[in-house]
Amino acid sequence: MQKNKIDIFQLILIFLGGIVLLFILAPLVGLFVNTEPSQFAETAQDSEVCSSIWLTIWTSIAMTLIFSIFAIPLSYILARKSFPLKGLVNGLIDLPIVIPHSAAGIAILGIVVKGTILSNLAKKIGFGFISAPAGIMLAMAFVSIPFLINSARDAFGGVPERLEKVAMTLGASPVRVFFTISLPLAWRGILSGLVMMWARGMSEFGAVVIIAYHPMITPVLIWERFTSYGLKYARPVAVLFITICLILFVILRILAKKKNYVETR
Amino acid sequence: MLKLDKISVKLGDFELQKISFDVEDGEYFVLLGESGIGKTVLLESIAGLIEPDEGKIFLDSENISNKKIQKRNIGIVYQDDSLFPHMNVRENIIYPLKCNHNSKKEIRDKLNKIVDKFNINSLLYRKINTLSGGELQKVALARTLITNPKILLLDEPLSSLDVNFREKIKSILRKINRDGQTIVHITHDYQEAISLADRIGIMENGKISQIGTPDEIFRHPKSQFVANFIGIKNFYRGKIVIKNKSNEDISDFNIEDLTFHILSDAKSGVGFLILRSEDIIISNNPTKSSARNNFRGKVIDIAHAKLGVEITVDIGVEISALITKESLKLLDIDYGKDIWVSFKASAAKFIGG
């Protein structure tokens, strides 16, 4: 009797879960099914599409690497140190996830428009933010950085503090402890955070379109083709972009799957 | 010499209050106390990992209270292995040498020496998660001792080991200490303390309540905490001698001129014998029983305990028996009376030391 009950319950779980999976998969599969191979090939040779995909990939990778230099130390501090208003800082980090991305774009625009400190500094060095790769990167980073910080903070938190203490008694300086103990042991979580940040940044539309309509990253190009020419012209671009994203994402996830020493012990 | 002068630390639920003690060079000092009373906090204060609220720590007369952890030359080995899981055994052991910028030759020489000392040559390229509990502790000790620390701090190093490994690690610790290493070891296990310590410090309620040799501590406990340990009054240091006759499972335990017969599989050597007062039988005449130890002696003390009466008899050494008030009356026991004391060989507990 009880066995039957469990079976029915499991069936309900599988049914409900299946609907969610179908909800995610169906539109994507539909996208692929409805795109003819000839359209796909044609799009792959379209120079505007190719340069847009390349721009999206390199800006998202570059912003992930650049911002990780600042985000990883912050994650370590959040995992290891106690300080006043730490809860507030943790909440602040999640803020970009909850605000509408177009609003985020407007907010970023406020600090990079002509006359601001940041724009003046950039001008001196020789680049700008509006309608430029630097602006794209800033918008991508703003909306995606919480993924890296949260993941890296949890990863550092998972490193036994005792190992860091022992390393210090063995003569290691705090810098050496960070680079030889904390960072390698937290690396899997950090890498996973980097991948998530990169993926989220690459798919950003709302914040980027406000700062840089041109040069066009692929999400903006898809939008542009859809509004100007319709679904037929937008779909092959979306398919090509999703395919490339998926391939890169799978490769990085495999790389990130390296053995986690702390968890396996 | 390590000297702690009125160290006070408040950390969460723990509070250490004005802890003071000295540890002589080459001494094996054991801090004995129940779990969760802040023993680790004290050890980490000595190592510099926790800053005491008050008090000073001296090492060879130098005040090291504010000295950097890395410069204190104090090594620490914890109960749970604290080896770096992303490095193999060799990388773990040479980690401190790399921190101290030793040359390749120095690293090779020191590594070879320590590996031979701990007999861990076959483990060098093993991953940490493939080692047994005993191997992990050996490697952790080797990694700490490769730096020649002035003081070796041990935080319950035997607690997570099974009996076999525990004895092996104990014997390694004794050897390290014999070679001149000063050791401060914390534990909640009184047997561990007896078998290793030159001196024991008893920690209770955040304070040191008594310091002395194992003999002093267990014979003259100053607190209920120590007194709660079993058979404390009957505590003897002596030498166990194994009889070679294969049909006998009895060993002799010699205390000066006196010999106790005990049931033990320990190897010949010095150690401690513990007898619970409850296991000692008193009679007016010699009796024939399974008790292999029968001695005649004089009653030198009669003390009323919370439950029963504790009779101390001089049989060459002092031995205490816990009997009922009824037995006291029945046997007509009084000061100076000659009586017989007996106990079974299996009632004696030998702890190698």
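On a 1 Å grid over the protein atoms alone, a cavity is a set of points where a 1.4 Å probe fits but cannot get out; a pocket is an open set with protein on both sides within 12 Å along at least five of seven lines; lining residues have an atom within 4 Å of a point. The model is predicted, with local features needing pLDDT of at least 70 and side-chain atom pairs pLDDT 80 or more, while totals for chains, interfaces and linings use all residues. Residues are numbered from 1 along each chain as its sequence is written, and chains are lettered from A in the order written.

Start with the cavity. A search of the whole structure finds one of 30 Å³ or more. The volume of the largest cavity is about 40 Å³, counted as the space filled by probe spheres set on the grid points, which are joined across faces, edges and corners. Its lining includes Ser283(B), Asn294(B) and Trp340(B). Strand E19 (residues 338-343) of chain B gives the most, three residues; strands (E, at least two residues) and helices (H or I, at least four) are DSSP runs, numbered from the N terminus.

Now the largest pocket. About 720 Å³ of space lies there. The lining has 25 residues, and Glu167(B), Ala266(B), Phe350(B), Ile351(B) and Gly352(B) lie nearest the centre. Elements giving two or more residues include helix H6 (190-196) and strand E14 (269-275) of chain B. H5(B) supplies the largest share, seven residues. Domain 1 (2-229) and domain 2 (235-352) of chain B both contribute to the lining, so the largest pocket lies between them. Those bounds come from an automatic or database domain assignment.

Methods:
Side-chain values use heavy atoms; hydrogens and water are left out.
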